[in-house]
Amino acid sequence: MEHDSPTLLFNLATEYLMAAKTIRPGVTTLAKMVAAARTGATALTWEKVTHLLTRQLRADLDRLLVHDARLKMTRLAWLIKAATDASATSVKNAIDKLLYLRNMDAHTLDVSELAAERRRFLASVGRRSTNQALERREPQRRYPILLAVVAQSAVEQVDEVVMLFDQAVSARESRAKSKTDEALIERAKVGEARQLLLDVILPVLADPSIPDEQIGGLLRNTIGMSKLREVVSEGWKKLPRDHGRLSALHASYTYLRQFTPQVLAAIDFQGGTGTAELMEAVAILKRLNESGGRKVPEGAPTSFVPTRYAEYLAKARKDGDETAYRHYWELCVVLALRDGLRSGDIFVPGSRRYADPATYLYTPEQWAPRQADFCALVRKPADAVEAIEQGKQELHTALAQLEQTLAQALAQALPDDTGSVRLDEDDKLVIPPLSAEDVPGEVKELKAELTGMLPFAPIASLLIELDVRTGFLDCFTHAGGRKISTSTETKRNIRSVLIANATNLGLARMSEACGIGYDVLRWTQEWYVREETLREANTCLV
């Protein structure tokens, strides 16, 4: 049920017979057995999903293979075609796919009776096969394939909508940051001129020998009226705490409104601990979008707004500018929602990538049969009260041992002794590092000799040689489904991303170290270095 490739099944059969030391039958006999196994797997698959295939669902699945004049492709090709950028159009297109799948009730299909590998295999067949090939297959084979594609797409489409929402918002925030940085550079240039002017003015003001009535004339003659008028005309406004980044992002408000209301309406965002006010704000924003309201109601929560943005809301409220307040408040809600998705505080039911972190824990029903074995393994009582009492006793025992250690250290302490556990002059506990192990001199010499014999191999060179030998970098394909050969530059970017992730260096510091732009590395990670491509590359290496 987990594999369907005739070659793979044939190889598995021969390996099993060899391991069991069984006289192998002829190749023809094995081929017939493999064919029988595949036929049986197809029949069993049909048996497990036939109860899901109502008349309406079969009609919906058949329509996936019909050419749509508006889309200029079949619905199946439209569903499996991944987004290639994070634009507003791509977000809305992804939402259309999600709503189409929900109209088919794809999100309610339970295909868990099929093995996970079988589901993935059927879905991959559906994504690879041409429309004509699927139409020619018998219904017992075609419908399970289409069902697996639809069920998988229902989950993946939720992830794609949220991911594109994140990327589209982040792209506009990044653009706002770039504009702010450019404005700060220009402001610094103007500020330098004003600073030079102050270098002339302050010594005159601080000189007590110059009479007050002569200061004005002296400065005007020294600096010149034209220079003074030029500096005054330029003005010098006080910057907000965020240096104007939210104001720069406000220029993209209309663009963000092209897709954020649809995302909020289509995705059921849920909040974890400490996100009550943010989720209330999201609910208010949804109601405003549905009703066409323009004014944020009094008492709408703002505790999630960062301090650097709070003054925008305060100024708009003080000036009575409800439009500006709505815009800034909505931008803060969208940014906080994006940040919550990244941190895991906000989750999406039915999503795989943005799932509730609590789903990774055992449920009470799952934990009950495992509790006794786990408690025996860690030597803890199953009762919570007893476990707390045992923890207190262990703590008291450890503190008593520490007191004894400190008393011995104090009694045996020598002047300038810094190598033992002790209390310093401020009664703070000092725990020195462990003393180094005494290694014989000949061992050190042998280690140094062996180390000198090994050639120095930079990690990038190792990856290049591995790719030459195995071609594992070709496993990192574009998320858009393009199967073109990976260029040399793209391979370089993929290697940089792999090194950054493997060494915990991070993309920002990796960009500084290798000279490749941060945006390029981030784009490469989003579109090439994914879970499935990493798995395929690991398989290639192993």
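**Figure 1. Aromatic pairs in the predicted model.** By the ring rule used here, there are seven aromatic pairs. Rings of Phe, Tyr and Trp (its six-membered ring) count as a pair if their centres lie within 6.5 Å, with planes under 30 degrees apart called stacked, over 60 edge-to-face and the rest tilted. Helices (H or I, at least four residues) and strands (E, at least two) are DSSP runs, numbered from the N terminus. Buried or exposed? Tyr-312 is buried, and so is Tyr-328, where buried means under 20% relative accessible area, exposed over 50% and partly exposed in between (1.4 Å probe, protein chains only). As this is a predicted model, local features need pLDDT of at least 70 and side-chain atom pairs count only at pLDDT 80 or more, whereas totals for chains, interfaces and linings use all residues. Residues are numbered from 1 along each chain as its sequence is written, and side-chain values use heavy atoms, with hydrogens and water left out.

**Figure 2. A stacked pair within a ring cluster.** Here Tyr-362 and Trp-367 form a stacked aromatic pair, 6.4 Å centre to centre with 25° between the planes. Look for Phe-374 as well: ring pairs link Tyr-362, Trp-367 and Phe-374 into a cluster. Trp-367 has a relative accessible area of 29%, so this residue is partly exposed.

**Figure 3. Arginines over aromatic rings.** The charged end of Arg-75 sits over the ring of Trp-78, 4.9 Å from the ring centre. In another view, Arg-142 lies over the face of Tyr-143, at 5.0 Å from the centre of the ring. For a charge to sit over a ring, NZ of Lys or CZ of Arg must be within 6 Å of the ring centre and within 35 degrees of the ring normal.

**Figure 4. The second largest pocket.** About 660 Å³ of space lies in this second largest pocket. Of the 24 residues that line the pocket, Ser-170, Ala-171, Ser-174, Asp-519 and Arg-522 are the closest to its centre. Which helix gives the largest share of the lining? The largest share, 10 residues, comes from helix 8. Helix 8 (139-206), helix 16 (322-343) and helix 23 (518-527) each supply at least two lining residues. By class, the lining divides into seven nonpolar, six polar and 11 charged residues. Ala, Val, Leu, Ile, Met, Phe, Trp, Tyr, Cys and Pro count as nonpolar, Asp, Glu, Lys and Arg as charged, and the others, Gly among them, as polar. On a 1 Å grid over the protein atoms alone, a pocket is an open set of points with protein on both sides within 12 Å along at least five of seven lines, a cavity is a set where a 1.4 Å probe fits but cannot get out, and lining residues have an atom within 4 Å of a point. Grid points are joined across faces, edges and corners, and a volume is the space filled by probe spheres set on the points.

Figure 5. A search of the whole structure finds one cavity of 30 Å³ or more, and about 30 Å³ of space lies in the largest cavity. Its lining is made up of Thr-42, Thr-45, Trp-46, Arg-118, Leu-122, Gln-140, Arg-141 and Pro-144. Helix 2 (27-49), helix 6 (116-128) and helix 8 each supply at least two of the lining residues. The lining has three nonpolar, three polar and two charged residues.

**Figure 6. Cysteines without a disulfide.** The whole structure has zero disulfides, a disulfide being a pair of cysteine sulfur atoms within 2.5 Å. Cys-540 is in no disulfide, and the nearest cysteine sulfur, that of Cys-475, is 4.4 Å away. Cys-540 counts as partly exposed because its relative accessibility is 30%. Cys-332, at 2% relative accessibility, counts as buried.

**Figure 7. Positive phi in two loops.** Lys-72, a residue other than glycine, has a positive phi near 65°. Where is Lys-72? Lys-72 lies in the loop between strand 1 (67-68) and strand 2 (73-74), and at 70% relative accessibility this lysine counts as exposed. Asp-105 also has a positive phi, near 60°, and its place is in the loop between helix 5 (88-103) and helix 6. With 42% relative accessibility, Asp-105 counts as partly exposed.
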